[in-house]
Amino acid sequence: MQVTEKIHTVKVPFKIPVAPDTVIDRTVYVTLIFGREITLIDTGVKGAHDQLFAYIEQQGRKRENIRTIILSHSHPDHIGSAKTIRDVTGAAVLAHPFEKQWIEDTDKQKNERPVPGFDMLVEGPVTLDSILEDGQTLVTGDDFRCQVFHTPGHSKGSISLVFTEEKVLFTGDALPMPGDLPIYDDMATSLRSLRKLLDLSAGANTVLSSWEEPVQGKEEISRRIRGSIAYLERIHNAVLHHHKKHNETGMALCRMVVEEIGLPPFAANPLVAKAFMSSLALVDRKDLFNF
């Protein structure tokens, strides 16, 4: 869908096998910037290049016009088609240095963060051509400018982008989706990034999150970001409550919290448990949710 004159998004569906008899449907949004050249922000999962190429051709452009691929972070649903797109177009691939290792060595990522169906989601590794730093201004195609902001929490090197002229804020997976799988590396870091995104959103009329369709209008943007904060607060309080009451950690505690906040049973998995456990280091922090 077209968001602004130059910015479009494409919804990419995919499936994750979470058990032998259970497959869940997921989606991720890829952002495309149509300037003199085309910039992709993320690439979707393995095989998504066909959908992206078709969309580009529907807009009267050629796949070879893709000259830059910005990866918001290294997780499978964001880097899955990067290898093929790079091979077909020769586009430069950019990401934060903290994501470099897992992008360039997907086997290492698979071993260290074993997402179900990893090989179904990722084509393989891709070498970065350049790294992106916090506060950097990036110009693509000599005619489109954005500013890079480091917003870790969901992953160590997650980035968000501000398109000042377009009044668009791209957040990747930095905004937890209330009611969805709560996957983040660290609670405190995620909250610091949400504070930053609240500030950055002041000049935005549109927020592009990889979880959902564009969020538009200043009131709706504020509601969406504060909804993420409230969701993390609910999780944090549930973790501390059940840990204190039952003296449990790990998967046992994860299952209790998953049940309390109303998530499906498959949400009790190692990635979610890791996210929940980060709250236990913050027992004495009374100021966490003072925004």
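Guide: Two strands pair if DSSP finds at least two bridges between them, a strand being a DSSP run (E) of at least two residues, numbered from the N terminus. This is a predicted model, in which local features need pLDDT of at least 70 and side-chain atom pairs pLDDT 80 or more, while totals for chains, interfaces and linings use all residues. Residues are numbered from 1 along each chain, and side-chain values use heavy atoms, without hydrogens and water.

Visitor: How many residues of strand 9 are buried?

Guide: Strand 9, which spans residues 159-163, is mostly covered, where buried means under 20% relative accessible area. On one side lie Ile 159, Leu 161 and Phe 163, and on the other lie Ser 160 and Val 162, and both faces are covered. The count of buried residues in strand 9 is therefore, by the cut-off of under 20%, 5 of its 5.

Visitor: Which residue stands opposite Ile 159?

Guide: Strand 8, made of residues 144-150, pairs with strand 9 in the antiparallel sense, and 4 bridges hold this pairing. Within strand 9, the residue to look at is Ile 159, and the one that stands opposite is His 150.

Visitor: Which residue in the turn between strand 9 and strand 10 has a positive phi?

Guide: Strand 10, residues 168-172, runs antiparallel to strand 9 and is joined to strand 9 by 3 bridges, with Val 162 standing opposite Leu 169. The two strands form a hairpin that has 4 residues between them. In that turn, the residue with a positive phi, of about 55°, is Lys 167.

Conventions. Buried means under 20% relative accessible area, exposed over 50%, partly exposed in between (1.4 Å probe, protein chains only).
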